Amino acid sequence: MMEETAVSTTRHDPRRYFEGIDAKRNSVAETPPVCLYLEVTNRCNLLCETCPRTFETLEPPADMSWELFTRIVDQLPKVARVVLHGVGEPMLVKDLPRMIRYLKDRGTYVLFNTNGTLMQPKRFQELIDTGLDELRVSLDAADRETYAKVRGKDYFNRIVRDVGKFITYQSQMGATTPRVSLWLTGLKETVDQLPAFVRLSASMGVKEVHLQRLVFDEQGYGMARSESSLFENTQAQEQAAIAAAQGIGLELGVTLDASGATEPGMSLKRQSDDQPWATCRRPWSLMYFTAHGRALPCCIAPFSVRGYSNYTLGDATQQSLREIWNSPAYSGFRNSLLSDAPPAPCQNCGMRWSL
C-alpha cells in the first residue's frame, strides 16, 4: 500500500491537486498520485468520428474486473479523485454503481463521462444513491442530424429526453448530486452550434456546458484531424459563436466553460512556443489504467498517438502501483517530458490541446 499525503477537501477543482508539484518535478515522484483514471470498460455502443476506438482495436474488448478495480484502488486508500472512464461507455458496466459506492465510502470525489444513451428512468435512483459527484454527458451537437454525423448513431432525441428527465427527477427528489454537465467537442463543423447547444442545455435543465478540445494524432482519423480543430486556428466567426453562446448562457443561467481552462476562449489559444508540454503535472499527480490494467501517462495519450506499446508505463495486474509509479519507464517518461524531446503523446500538448 502506498503512503499518502493529506489532500484538500475541496475536491471538485482538480487544480487543487497540483499545488506544490511544480517545485518537485524531476524523474522521481516524491508523493503518490492524488488522482486515478480507471477505464472501467473499453466497450462502447457508439461509433464516434472523433474517437480512436471507432477506427482501430486498442486492446481486446473488456470491462475492468472487480478484482483489478479493488486491487488498484486499495493501494491508494486516500486517493482524492477518481475518474471512471477511458475510451468506452461506463454505463455499460454492470459493476459501475458498486464501484462508485466503494470509492465514495472512503470519501473520494468520483465522476465519469457518459454518452447518455443508457440514462433510462429505471436507473435514476440507483445513480443518485451511489453518491456520484459529477456526471458529464458528451452530446457534441445541438440537433439530430449533426449528432448522427459526429457520433455515428441516431440517439440524439433519446439522450435529450432522458437526461432532461433525470434533471427533473433529481429536483423532485431534492438530490444535489451528481452535478450534471453537457459537453461539446470543439470542431469547426459544429462550433457554430454552440449558442443553440447552450439553449438546448437550458431546456433540459442542465446548467453547465463545456467546450471540449479536440485531440488528434498526426495521421488523423474520421473528424479527429487538424483541419477540424479549433485549437490552432480559431477564426473570428468561431470566436463570435463562443461570445454569443456566453451571452445566451448569462441570460438563461447556464455557465459556459472549457475543460481544463477558466473560460472557452482560453482553451483555443496556443499556450507557449517554449516547451509548452513541460508545464504538465500529470506524471507527478495521476495514474491512468486501461480496462486490462495497462498504465498509460494520461487520458489524452490514447487520442494523441497510436499504439499503446509505445507509451505503456506498467501493468497493474503484475506490478504494485508503487513499483509502477517510480519505475524506470515512468522516471524516463518524466525526464523526457522536461526535456527538448518530449514523449510522443506529449509533443503537441499545450499547443494543440489541453494541459
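How much space lies in the second largest cavity? About 60 Å³. Keep in mind that this is a predicted model.

## The second largest cavity

The top contributor is α2, which gives three.

## The largest cavity

Counting cavities of 30 Å³ or more gives three, and the largest of them holds about 90 Å³ of space. Its lining takes in 14 residues, and those nearest the centre are Cys280, Arg282, Cys298, Cys346 and Cys349. Two or more lining residues come from each of α8 (282-285), α9 (301-304) and α11 (328-337).

What is the class make-up of the lining here? Twelve residues are nonpolar, with one polar and one charged making up the rest.

## The nonpolar core

In soluble globular proteins, nonpolar side chains tend to be buried together. In this model, the largest nonpolar core has 94 residues, and Leu38, Leu84 and Phe289 are the ones touching the most other members.

Take Leu84 for a closer look. Setting aside neighbours within four places in sequence, Leu84 is in contact with Leu38, Val40, Phe69, Pro90, Leu96, Ile100, Leu103, Val110, Leu111 and Phe112.

Technical notes. Residues are numbered from 1 along each chain as its sequence is written. This is a predicted model: local features need pLDDT of at least 70, side-chain atom pairs count only at pLDDT 80 or more; totals for chains, interfaces and linings use all residues. Side-chain values use heavy atoms; hydrogens and water are left out. A nonpolar core is a set of buried Ala, Val, Leu, Ile, Met, Phe, Trp, Tyr and Cys residues joined through side-chain atoms within 4.5 Å. Buried means under 20% relative accessible area, exposed over 50%, partly exposed in between (1.4 Å probe, protein chains only). Contact means heavy atoms within 4.5 Å. On a 1 Å grid over the protein atoms alone, a cavity is a set of points where a 1.4 Å probe fits but cannot get out, and a pocket is an open set with protein on both sides within 12 Å along at least five of seven lines; lining residues have an atom within 4 Å of a point. Grid points are joined across faces, edges and corners, and a volume is the space filled by probe spheres set on the points. Helices (H or I, at least four residues) and strands (E, at least two) are DSSP runs, numbered from the N terminus. Ala, Val, Leu, Ile, Met, Phe, Trp, Tyr, Cys and Pro count as nonpolar, Asp, Glu, Lys and Arg as charged, and the others, Gly among them, as polar.
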